[in-house]
Amino acid sequence: CLPRVLGRLEAVDDETTRLSGTTSNPIWYAEQLAVISVDFEVRGGVELRDSVRAIGQRFIGAVRP
């Protein structure tokens with residue numbers, strides 16, 4: 001389940017769903033994606049890709065010995 005504010009969901013095939021959305025706040029959008037319990041891939045939006053990467057690096061850094 002995703003909040004509608006994130007965009008539009010559409011089935012691509014039996015195993016894949018596409019989320020299409022826009023935002024003026026890519027960090028907020030990436031944070032929303034971070035809490036979903038499925039794997040995902042960011043295919044567009046340089047700012048969103050950078051934001052997802054930054055959040056991922058923060059999480060990785062949080063568990064380094």
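**Entry 1: a charged pair to start**

I began with arginine 43, which forms a salt bridge with glutamate 41, their closest N and O atoms being 3.5 Å apart. For my notes, a salt bridge is a side-chain nitrogen of Lys or Arg within 4 Å of a carboxyl oxygen of Asp or Glu. Both arginine 43 and glutamate 41 are exposed. The cut-offs I used are under 20% relative accessible area for buried, over 50% for exposed and partly exposed in between, with a 1.4 Å probe and protein chains only.

A reminder to myself: this is a predicted model, in which local features need pLDDT of at least 70 and side-chain atom pairs count only at pLDDT 80 or more, while totals for chains, interfaces and linings use all residues. Residues are numbered from 1 along each chain as its sequence is written, and side-chain values use heavy atoms, with hydrogens and water left out.

**Entry 2: the other salt bridges**

How many salt bridges does the rule give? I got four. Arginine 8 and glutamate 10 meet through their side chains at 3.4 Å, N to O. Arginine 8 has 51% relative accessibility and counts as exposed; glutamate 10, with a relative accessible area of 26%, is partly exposed. I also found Arg8, Glu10 and Arg18 linked in a network of salt bridges.

Next I looked at aspartate 50 and arginine 53, whose side chains form a salt bridge at 3.2 Å, N to O. Both sit in helix α2, three residues apart, about one turn of the helix. An α-helix has 3.6 residues a turn, so residues three or four places apart point the same way. Aspartate 50 is partly exposed at 41% relative accessibility, and arginine 53 is partly exposed too, at 44%.

**Entry 3: helix α2**

That sent me along α2 itself, residues 46-62. Helices here are DSSP runs (H or I, at least four residues), as strands are (E, at least two), numbered from the N terminus. With 17 residues, α2 reaches 24 Å from its first C-alpha to its last, close to the 24 Å expected at 1.5 Å a residue. The expected span is 1.5 Å times one less than the number of residues.

Which residues of α2 are buried? I noted Leu48, Ser51 and Ile55. They lie on the same side of α2, because they cover an arc of only 65 degrees around the axis; the arc is that of the directions from the helix axis to the C-beta atoms. On the other side of α2, Val46 and Gln57 are exposed. The buried residues of α2 pack against α1 (26-34).

**Entry 4: serine 51**

I stopped at serine 51 in α2. At 5% relative accessibility, serine 51 counts as buried. A polar atom of its side chain lies 2.9 Å from the backbone oxygen of glutamate 47. Leaving out residues up to four places away in sequence, serine 51 touches Pro26, Ile27 and Ala30, where contact means heavy atoms within 4.5 Å.

**Entry 5: the core**

Last, I looked up the largest nonpolar core, which has seven residues: Leu6, Tyr29, Ala30, Leu33, Val42, Leu48 and Ile55. Such a core is a set of buried Ala, Val, Leu, Ile, Met, Phe, Trp, Tyr and Cys residues joined through side-chain atoms within 4.5 Å. The elements giving two or more residues to this core are α1 and α2, and α1 has the largest share, three residues. I also checked leucine 6: among its contacts, not counting residues up to four places away in sequence, are Leu19, Trp28 and Tyr29.

How values were computed. Polar contact = N/O pair within 3.5 Å; in protein donor to acceptor, adjacent residues only side chain to side chain.
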